[in-house]
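I opened the notebook on side-chain contacts today.

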Amino acid sequence: QVQIMESGGGLVQPGGSLTLSCVASRINFKIYDIDWYRQAPGKQREWVAEITSLFETNYADSKKERFTISRDNVKDTVFLKMDNLKPEDTAVYYCYIRAMAKWGQGTQVTVSS
């Protein structure tokens with residue numbers, strides 16, 4: 001059974017940074033494209049970024065200036081580094097393996113002073 005576990009969320013002040021991690025186990029991690037999504041209270045889940053098995057990256061237009069997605073295939077982990085965080089970045093952030101239609105349980109990010 002595939003397991004996906006996000007971590008690294010928390011409370012941060014506006015302008016601060018966080019790095020989220022997504023660990024996937026029991027799969028051949030390196031062959032999969034991995035996505036990050038987020039869902040803010042009362043809103044639909046939205047796509048944030050993607051990293052392919054070839055390390056190509058794609059971002060939602062509004063995220064590309066502040067967010068960086070990367071992966072470490074030795075540790076079976078994908079990272080999302082978020083800089084200059086804003087209150088509107090407050091959401092639950094989810095990792096998603098599209099080819100398997102598998103979601104993680106999410107990690108809460110709260111940006112507030």
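**Entry 1: charges over rings.** I began with arginine 71, which lies over the face of phenylalanine 55, at 5.9 Å from the ring centre. I counted a charge as over a ring if NZ of Lys or CZ of Arg is within 6 Å of the ring centre and within 35 degrees of the ring normal. I then looked up arginine 45. Its charged end sits over the ring of tryptophan 103, 4.4 Å from the centre.

**Entry 2: ground rules.** I noted that this is a predicted model, where local features need pLDDT of at least 70 and side-chain atom pairs count only at pLDDT 80 or more, while totals for chains, interfaces and linings use all residues. Residues are numbered from 1 along each chain as its sequence is written, and side-chain values use heavy atoms, with hydrogens and water left out.

**Entry 3: aromatic pairs.** How many aromatic pairs does the count come to? I found four. For the rule, rings of Phe, Tyr and Trp (its six-membered ring) pair if their centres lie within 6.5 Å; planes under 30 degrees apart are stacked, over 60 edge-to-face, and the rest tilted. Tyrosine 37 and tyrosine 96 are edge-to-face, because their planes stand at 90°, with ring centres 5.8 Å apart. Tyrosine 37 is in strand β4 (residues 34–39) and tyrosine 96 in strand β9, so this pair ties together parts that are 59 residues apart in sequence. I took strands (E, at least two residues) as DSSP runs, numbered from the N terminus.

Next I checked tyrosine 96 against tryptophan 103. This pair is stacked, at 4.1 Å centre to centre and 25° between the planes. Ring pairs link Tyr37, Tyr94, Tyr96 and Trp103 into a cluster.

**Entry 4: burial.** I called a residue buried under 20% relative accessible area, exposed over 50% and partly exposed in between (1.4 Å probe, protein chains only). Tyrosine 37 is buried at 13%. Tyrosine 96 is buried at 12%. Tryptophan 103 is partly exposed, at 32%.

**Entry 5: sulfur link.** I found one disulfide in the structure. The cut-off is a pair of cysteine sulfur atoms within 2.5 Å. Cysteine 22 and cysteine 95 make the link, with S to S at 2.0 Å. Cysteine 22 is in strand β3 (residues 18–25) and cysteine 95 in strand β9 (residues 91–97), so I logged a link between distant parts of the chain, 73 residues apart. The link is left-handed, with -85° about the S-S bond. Are its two ends buried or exposed? Cysteine 22 is buried at 1% relative accessible area, and cysteine 95 is buried at 0%.

How values were computed:
Helix = DSSP H or I, 4+ residues; strand = E, 2+ residues; numbered from the N terminus.
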